[in-house]
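Please look it over before reading the points below.

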Amino acid sequence: KAGVTQTPRYLIKTRGQQVTLSCSPISGHRSVSWYQQTPGQGLQFLFEYFSETQRNKGNFPGRFSGRQFSNSRSEMNVSTLELGDSALYLCASSLAMKRYTGELFFGEGSRLTVL
Amino acid sequence: EDQVTQSPEALRLQEGESSSLNCSYTVSGLRGLFWYRQDPGKGPEFLFTLYSAGEEKEKERLKATLTKKESFLHITAPKPEDSATYLCAVLPGGSYIPTFGRGTSLIVHP
């Protein structure tokens, strides 16, 4: 059974640019959530999508957005990049009935460096 | 404001030396408390969910317990392959947004 796939794994951008990250969940998982991980702040919840609708959103500015497609694949976008956006962005998927049980399956992340 | 504090930040053990990691939390109600393991360069791996004080869960050398203010992850006779960062997270009552601790980095020496 394939795990959660995130692309790209590494990317470098400059301030002011935008970036789109992709996440393919485990087959059958309809919930996808996104997290930002930094040494200073740890792991922080960005948002969760279920059935193509954003269900929950963390405390991040509007520059951070996402969407989910009918096949449950998800993308997140960060516009007008700032140096502080440098982080590991993690995607996690879960079964619908397990959405809030903590039983998340994480991908290996996309490491974004903003110069 | 919901807070999760993990201690110690780092822990070095000899193989076979049992110990405990602590996760203390302050939340408005508790839907669940989660433990994850994260290896370098990987995403977190789910270990346990605890829902109410007094509950315990076990998996191989790991045992998680929960009180009204904190959770412990007990590691019995650890092996080098148990080396990882262990993350704790809480899901507050009335919210579906988890709050994570900063983690405890565990190194087990052979």
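The points below cover the interface, the cavity, the pockets and some backbone features.

This is a predicted model, in which local features need pLDDT of at least 70, side-chain atom pairs count only at pLDDT 80 or more, and totals for chains, interfaces and linings use all residues. Residues are numbered from 1 along each chain as its sequence is written, chains are lettered from A and ligands numbered from 1 in the order in which they are written, and side-chain values use heavy atoms, with hydrogens and water left out. About 1,500 Å² is buried between chain A and chain B. The structure holds one cavity of 30 Å³ or more.

**Interface of chain A and chain B**

- Chain A brings 21 residues to the contact and chain B brings 17 residues (contact means heavy atoms within 4.5 Å).
- Carbon and sulfur atoms give 58% of the buried area (the accessible area, with a 1.4 Å probe, that two parts lose on being put together, summed over both).
- The rule finds one salt bridge across the interface (a side-chain nitrogen of Lys or Arg within 4 Å of a carboxyl oxygen of Asp or Glu).
- A:E108 and B:K42 form a salt bridge through their side chains, at 2.7 Å from N to O.
- On the side of chain A that touches chain B, strand 4, strand 5 and strand 6 (53-57) of chain A give two or more residues each (strands are DSSP runs of E, at least two residues, numbered from the N terminus).
- Strand 5 of chain A gives the largest share of that side, three residues.
- That side of chain A has eight nonpolar, nine polar and four charged residues (Ala, Val, Leu, Ile, Met, Phe, Trp, Tyr, Cys and Pro count as nonpolar, Asp, Glu, Lys and Arg as charged, and the others, Gly among them, as polar).

**Largest cavity**

- Its volume is about 130 Å³ (on a 1 Å grid over the protein atoms alone, a cavity is a set of points where a 1.4 Å probe fits but cannot get out, and lining residues have an atom within 4 Å of a point).
- The cavity lining has 16 residues, with A:Y35, A:R99, A:Y100, A:L104 and B:P98 nearest the centre.
- Strand 4 of chain A gives the largest share of this lining, three residues.
- The cavity lining has 10 nonpolar, four polar and two charged residues.

**Largest pocket**

- The largest pocket has a volume of about 580 Å³ (a pocket is an open set with protein on both sides within 12 Å along at least five of seven lines; a volume is the space filled by probe spheres set on the points, which are joined across faces, edges and corners).
- Its lining has 18 residues, and A:Q44, B:E1, B:D2, B:T99 and B:F100 lie nearest its centre.
- This pocket lining has seven nonpolar, seven polar and four charged residues.

**Backbone features**

- A:T7 and A:P8 are joined by a cis peptide bond, with omega about -10°.
- B:S7 and B:P8 are also joined by a cis peptide bond, with omega about -10°.
- A:E52 is not a glycine, yet has a positive phi of about 65°.
- A:E52 sits in the loop between strand 5 and strand 6 of chain A.

Key: Helices (H or I, at least four residues) and strands (E, at least two) are DSSP runs, numbered from the N terminus.
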